Amino acid sequence: METPRRPSARTRRLQRPLPAGPRARRGRPEGYALPWRRARSDLVEFTTVGKEGESDRFSDQEPLDTVDSMFSQLVDAPINRDEKYLGFPYYLKINYTCKGKSSEALVRKGHLTGLKPVVLVTFQSPVNFHHWKIEQLQIQMEAAPFPNKGGCATEEVCAMSWYTPMPVKNGSVLMRVDVSSNGLGPFVPKQRFQVNINGFLQRQQGDTPQFTVGNELFHLIPRYFVNVPSRPLWYTVDQSPVLILGGIPEEKSILLTDTSFKDFFLVELSIDSCWVGSFYCPHPNFTATIYDAIATESILFIRQNQLVYYFTGTYITLHESNRGSGSWVRVLAKECIKKLCPVHFHSNGSEYIMALTTGKNEGYVHFGTITDGRVSFELLPRKQSVCQGIQVVNCSITWAIYMEDHHRLLLLVEIEDPAAGKRFQVVSYDLVSDYLAILYTIPEFIPDARGLEFLMILGTESYTNFPMVPKGMSYNPYNHMLFIWGNFLLQSYDNENFIYLLDFPKELSIKYLVNSFRGEMAIVTETEEIWYLLEGSHRVYKLFPSEGWEVYVSLQRMHQSSLHAPNETMVTLFYEDSKLYQLVYLINDQQGRLVKRLVPVEQLLMYQQLGNRYILERQGGHLTLSFSNLCPFTVMRLRDLPNPQIYTRQERYRARPPRVLEASGFHTRNSLAVYQGLVYYLLWLHSKYYKPYADPVHDPTWRWWKNKKQDHHYYFYLASNWQSAGNVHIDMASYEKIYDLKAEHELPERIFLDKGASYRFSIFLSVRGHSFKSEAQSGFSFYLRSRLDLGLVLAHPHCIEAVVWQELLINRNSVLFWVTLSDKKACFDQGISGHHLMKTSMLIKVVGSAGHCFQNTYQGPRMQGNLMVPMFIGCPPGKRLAFDITYTLQYNRQQNKHYFDCVHVDREMPCFLFRDIFYPFFLIQDLVTGDSGSFQGSYVLKVVGGGPTLDTIKEYSEEDIYRYNSPLDKTDSLIWTTRNATTTEDPAFNILSHQSLGIEWLCLENSPCHDTIPHSIFAPEFFFKVLVSNRGVDKSTYCDYQLTFLLHIHGLPLSATRALFILVVSASIFLGLVVLYLIFCLLLPVMMKACNILRWKINNLIASESYYSSTSSSMIFSSASRTRSRIGSRISSRIISKMAEEKTAKPE
């Protein structure tokens, strides 16, 4: 089960709502100074609902069962009263603000005009897909209004906020929250927030939250940031809930954030000592500074001097147990580590990190693997050092990157040769084959390419006397682009041929690159300059300092922006949601503070264009100013976009709050608790839906309402008359799965393509100026051609095919380009849904638009003309194979002319009779689009386990699986057979399809189901564990559908020996019973006679004893005694005479 955690009946315990979590006390930057309204989202606990100024941290991960008491009061409500409803630890509190206006008044106005915030929570898929199911899950909720605590005037509405449950999903620690409007009331632009679980917080005594990694510091001292060089922010992209940043001089402290620096904490780390164990390393200076800091999904890594530490957070939703570290763990204790290198993307269910060594192991790389909260390191290369592999005496690895798609390391190696001096090479190391090779030798000097924009390095060009000093490398797995950087910038699409970009000056030196992995890249130099590169072009733009920056800052100061100051120091630069942000330390009026601010790349480029592309012309007696626009088009629109879900694989649920039967419309704590329980149960149904037997209706919510739908009019009647219990009405239509999302006039965030699948859309361009020109063809005909060209760059053209078709709209001075992307069926074998997908990308370029075309929106200018979309080739997430039990029962009944279920009927697992031919059918269910159709491909069916009862099912070995299922078996061990003659290539197993002739059960002598002992008077039963897979036999899809399910077979025959034994025993028992009956009937009269005689004798004996033992104690009783004696003797004589008469009459 993956969503969300649902304790069993034994482990469920009453959990009280915990007190407020840690507040965002330090480092909360001011909101962006926007001239329009913006939403604000805070995390609060149940006990703090309705309180002003409350904000909690996401540290509690266990579900709460305090909401179940609310559901027990909901009689006559469409809920399952046998279920136990749980809730989440937190709520999302929604407000919105506008600069210069009262937030309370705005919220009241929005509520009275119908505004209801819509909250979309997107759960990030986990790293370890072997443990958790890979899915792109979203839930859309409508916020419920709730009055704040405290009194208010009678003539106005009380202060209020909106609340929604903050759901938690097992396997996900990073959530993206999008808050938008429902279209009523004031216009509020869409806002995005990150709500991540902080596994490095722990509640101490008195429920006081404290950091487990160290002690929180509450003062940002200026010397920590002023004139301190900026440093890169390293983390696993889209997987790290907590980010850390070191580099604070002479302090073992880091900046830690779980909201992408919306707020942050300064934490002093509790590591032992910064120099113990470092004296044997060749490092002259020792400091307390944390140089390298890398965050992964659940582990933080730091380097101090040559020591490497890691700390594992407490993430129960990931590991299902408390694997958090009690303290920092030192790793590679006997090694001298000079640098940590990040791996930005996870693969194969793990994350990675690399440690570069110095000293005794110079020329080696410690390759770290992080899987499920556990860390392991391997020394690479395995056989010999890199220096020995490239046959040099002295070398040093200065940078390393891991190409996860090729399982290969790229190493930047510095070679010291006393004769030739220093030189640099890029060395490739294959982790699978252990093969080491020189990939590229970097030129010694900067090429001489004056007058050019770029230069292809071929070895024949001339060079300057300026040396090339490489410092690092950067790799984008989506577009397969490699950069080598230093006092230069080299770019390669194939890792072998490089292009030298001339726009970057050789006098500067790059300190680090920041890649968005969406087609944009920022460059930070040693002098803290910021440069910008749009991938796919060869232009490098200077953002800071620049004329555009001066214009932008001047305008911000005119608006009295608090995000700029005369004295400021950049701390780091990073991308978030394809937008570039700075973390800057500002000093204003002797007060220092740390803020996160947007770097407006588009505005800076626009201002630079305006400064460079104006013309002064004299018209009459005065000068006029005119600007030249280099953008080749005026309008660019995307059209004919298909519905996105089939390509983005986003599963979305909708949940609205229950209707409150109050005139004010405000919710109560009880109604919010009911909302929590309903959202929890909806996600729990989603997690339970992934089962082998398909439901009759392909929808996870079907089981929730299947027995309640017919009564919806009754529930509506109760609500209409305000008779619903608990003053809440649950509308069954408010909790559903959405399958028909529409495109939003933009390309999807990502595209998944199955085998042979295609994605088609069109681009509409209105051309600036004269857009067409005619070209003469043979004869007197002319060909009309557009001056506007569209180019597509495919990262893997041997895998993806692009077709562009142009339509000229002459009357509209426009061009319509139809673009079709198709998979070539060449680059992927078969894989499980969502596993081992191949990363690639598509880049669409309007020729001449890079850095020149912008579109004005209400959120500012947006760059146009370059569209980059990541693509994944393979089996998309959300597809599965299911056993179609409904049609299987129907077809088997039709073919066999009857159907006999088990004596004890199990509706979840119907039985099948052994002697009947078994015809299985399967469904391909798309959990994203709701499509469900019969599986038409081929598959292999194997019995991989079984047992006579559910408790005795055992797994079979590979050898046993072959004997029980292969038609080549000669050991009389087959469990089943089929009339089909098609087998696999080996040919070890039968190949079946939906047109197969059925399965005949055999259970031969050496099979496990042979001679099954019955446990009752009914025929034996057996449970088969069946594996169905299409791997290697179905070429229509990239999906390796694997389905394992239990099949209940009854009516198994007995072996001849056991049948004869049971027959003999049964016959013996029967004959014995007959003999006993006959004997009983013959001896019954004799026994009755003997019993009567015995009774007579006993009575006579009793009477005699009474007579002879009685004595006359007085004369008064003697006569009475004689009288009784006479009577007794008369009675005895009568009895004797009567028995004599019967004896004489019986022979007759």
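Analyst: Buried means under 20% relative accessible area, exposed over 50%, and partly exposed in between, using a 1.4 Å probe and protein chains only. Before we go on, keep in mind that this is a predicted model, where local features need pLDDT of at least 70, side-chain atom pairs count only at pLDDT 80 or more, and totals for chains, interfaces and linings use all residues. Residues are numbered from 1 along each chain as its sequence is written, and side-chain values use heavy atoms, with hydrogens and water left out.

User: Which residue does R382 meet in a salt bridge?

Analyst: A salt bridge is a side-chain nitrogen of Lys or Arg within 4 Å of a carboxyl oxygen of Asp or Glu. Here the partner of R382 is E378, at 2.7 Å from N to O. E378 is partly exposed too, with a relative accessible area of 31%.

User: How many salt bridges does the structure hold?

Analyst: There are 40 of them. One is R223 with E251, where the closest N and O atoms are 2.6 Å apart. That pair links distant parts of the chain, 28 residues apart: R223 is in the loop between strand 11 (214–217) and strand 12, while E251 is in the loop between strand 13 (243–245) and strand 14 (253–257). R223 is partly exposed at 43%, whereas E251 is buried at 17%.

User: What about R750, is its place buried or exposed?

Analyst: R750 is buried, with a relative accessible area of 16%. Its side chain meets that of E749 in a salt bridge of 3.5 Å, N to O, and E749 is partly exposed at 33%. Salt bridges can also share partners, and that joins R176, D178, R192, D577, E749 and R750 into one network.

User: Now disulfides. How many are there?

Analyst: A disulfide is a pair of cysteine sulfur atoms within 2.5 Å, and by this rule the count comes to six. Take C387 and C395, joined with 1.8 Å from S to S. Their link has -95 degrees about the S-S bond and is left-handed. C387 is buried at 7%, and C395 is buried at 8%.

User: Which disulfide is right-handed?

Analyst: One of them is C631 with C853, whose torsion about the S-S bond is about 105 degrees, so that disulfide is right-handed. The pair links distant parts of the chain, 222 residues apart, with C631 in the loop between strand 43 (622–627) and strand 44 (633–639) and C853 in the loop between strand 56 (838–846) and strand 57 (854–857). The S to S distance is 2.0 Å, and both C631 and C853 are buried. For C902 and C911, the torsion is about -105 degrees, so that disulfide is left-handed.

User: Last one: how do I read a sheet?

Analyst: Strands of a sheet pair through backbone hydrogen bonds, either parallel or antiparallel. Strands (E, at least two residues) are DSSP runs, numbered from the N terminus, and two strands pair if DSSP finds at least two bridges between them. In this model, five strands form an open sheet in the order 12-16-17-18-19, with mixed pairing. Strand 12 (234–235) and strand 19 (329–331) stand at the edges with a single partner strand each, so one side of each has no neighbour in the sheet. Strand 12 runs parallel to strand 16 (residues 292–295), and two bridges join them.

User: What is the bridge partner of W234 in strand 16?

Analyst: That's I294.

Terms used
Helix = DSSP H or I, 4+ residues; strand = E, 2+ residues; numbered from the N terminus.
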